[in-house]
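Please examine the structure shown below together with its sequence.

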Amino acid sequence: MADDDRTRFIPRRTPESAAMAANVRRAMALTAALNRLTYDDADQVRALFSELTGQAVDAGFCLIPPFYTESGVHIRVGRDVFVNQNCTFYDLGGIDIGDAVMIGPNVSLITSGHPIEPSRRREGVVAKPIVIERNVWIAAGATVIGGVTVGENSVVAAGAVVTRDVPPDTLVAGNPARVVRSIAE
């Protein structure tokens, strides 16, 4: 993960890392409760997800459990967002999801990692935000890495690993994901 103005580094054994650990414990308790719910418990799912993120989600928000996150407090979702089952959002760097986004099953949004250098790997956590703009569809099993913006109206194909920004109105696929074609109407 390259350094830029959006990169956060959280060193081990600091007040910031202690707060991160407290958020993880809180998220584990809330997601355990959320993951006992079913598709028919949509109102309760919305209520628990709102508690998890610290912001109310709209009535058009739909999430099918199970769902996993390391914190939840750094997730922001727009209107009419759909999150299918078994998704993982590691949100330490921040995840901003625009309106009318559809996220398929087994999608991972991973904003955090560790320094690449072996000697620094255990020093702390590096985090960068993910931005998913309006009307995006992220298909089953895709992974989006921190520092990436997925442009409006784009589609991330099933199984893609997105390591770079996705231009608006495009289809990306592969590992690493590459633009397949424009989907502008």
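## The open sheet

In what order do the five strands of the open sheet lie, and is the pairing parallel or antiparallel? The order is β3-β6-β9-β14-β17, and the pairing is parallel. The strands at the edges are β3, residues 67-69, and β17, residues 161-162, each of which pairs on one side only. The model described here is a predicted one.

In general, the strands of a sheet pair through backbone hydrogen bonds, and the pairing may be parallel or antiparallel.

One of the residues involved is Phe67, whose bridge partner in β6 is Cys87.

## The cavity

The model contains one cavity of 30 Å³ or more. The space within the largest cavity amounts to about 50 Å³.

Which residues line the largest cavity? The lining consists of Thr38, Tyr39, Ala42, Val45, Arg46, Phe61, Cys62 and Leu63. By class, six of the lining residues are nonpolar, one is polar and one is charged.

## Elements around the cavity

Two elements, α2 (42-53) and β2 (62-63), each supply at least two residues of the lining of the largest cavity. The greatest contribution comes from α2, which gives three residues to this lining.

Key:
Residues numbered from 1 in each chain as written. Predicted model: local features only at pLDDT ≥ 70, side-chain atom pairs only at ≥ 80, totals over all residues. Heavy atoms only, no water. 1 Å grid on protein atoms, 1.4 Å probe; cavity = no way out; pocket = protein on both sides within 12 Å on 5 of 7 lines; lining within 4 Å. Points joined across faces, edges and corners; volume = space filled by probe spheres on them. Helix = DSSP H or I, 4+ residues; strand = E, 2+ residues; numbered from the N terminus. Nonpolar A, V, L, I, M, F, W, Y, C, P; charged D, E, K, R; others polar. Pairing = 2+ DSSP bridges.
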